[in-house]
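Reader: I would like a close look at one part of this model. Keep it brisk, and give me the cut-offs.

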Amino acid sequence: MSNHASAFEQSYQGEPAVWLRYQQLEAVVLPGVGANLIAYRDHGNGYHFLREPQESEMDEFRASPGTHGIPVLFPPNRYEDGTFTWNGRTYNFPINEPATHNHLHGFLHTIVWDVDYYEANEKESRVALSVTIDESHPVYSYWPHSFTARLVYTLSERGLQQQVSVQNLGNDPMPMMLAFHTALNAPFAPDSSADDMSFKATFGGRRAMSERMLPTGQFQPLSDWEEQLKTTGANPYTEAMDNHYTAEPQNGRNIAELADQRLGVKLVYDAGTGYKHWMIWNCEASGTFLCPEPQTNLVNAPNVDLPDEEKGFISLQQGEIWEETSRLYLVNHL
């Protein structure tokens, strides 16, 4: 085993975890809490790129793991009255956001995943996780399909790579709606402040949302600040945002960038062009973290009367696999 990379099991604040190390980089994934990639760190510079729970917050995190690390959302975001009908079948989900009477964020981020393997060599360290839903799984009662979701995280000189795939194991077509509620520390460096941060993302139009945070089908004009976020970048906390955008790849890439102007470095989140939408949430302009969430589908997609391609609604036939690769890495900014 090289000293450059390692992969091993060790507790993370009392929770079973798989740790990846490559040179000065470190990542931690929690199979028992939805395969959440809870930490991505650069020890050489003291950077913590992802929002991590404090040890005293672990019970609260386990109960609601949506705003730390990289939670897997399936199906993502909100569904009106917790239900939709598609292909002659009605799906019913718990109303877990009473204020809007919607279902929020699905089930993959809260259930236990399997660790398929972890390994390391001189070039990288890697962990593979999966979960299979079938008739014996509690989730099947409201998502009546057999399928396997897989996640592979790889740490190398190219940063943190995430590969995700969903395969339909059943006989019937299956909806495929997926997102990641990626919670980025901003700032991520210990001596930087919120004022040092600049954010940029490849989004297009902003969807108009109802009081229940469901898309109306209309678009809203972008503010001057949002236009800056699309082009030159701007401070991510200028306004409170919980906004739904179309993805608009630039130069073949669908990315969010978080730059530390003081240090002259930026974290690049290359999500991949398979995600047709973004949710961007800055926690009421908290000044501590923001969530650029790559999302395959429009919020509430099955209940919205738009073409499947426009709303990013994917149907997987028997045996078919949907997959995408994303990457988080640091580059010099100035």
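How many bridges join strand β19 (residues 203–209) to β21, and do the two run parallel or antiparallel?

Author: Two bridges join β19 to β21, and the strands run antiparallel. First, the ground rules. This is a predicted model, where local features need pLDDT of at least 70, side-chain atom pairs count only at pLDDT 80 or more, and totals for chains, interfaces and linings use all residues. Residues are numbered from 1 along each chain as its sequence is written, and side-chain values use heavy atoms, leaving out hydrogens and water.

Strands are DSSP runs of E, at least two residues, numbered from the N terminus. Two strands pair if DSSP finds at least two bridges between them.

Strand β21 spans residues 242–247. Strand β24 (residues 277–281) is another partner: five bridges join β24 to β21, again antiparallel. There, D242 has W281 as its bridge partner.

How covered is β21? Mostly: five of its six residues are buried. Buried means under 20% relative accessible area, exposed over 50%, partly exposed in between (1.4 Å probe, protein chains only).

For contrast in location, take Q161, in strand β14 (residues 159–168). Q161 counts as buried because its relative accessibility is 17%. Leaving aside neighbours within four places in sequence, its contacts (heavy atoms within 4.5 Å) are V152, Y153, T154, T325, S326 and R327.

Key:
Helix = DSSP H or I, 4+ residues; strand = E, 2+ residues; numbered from the N terminus.
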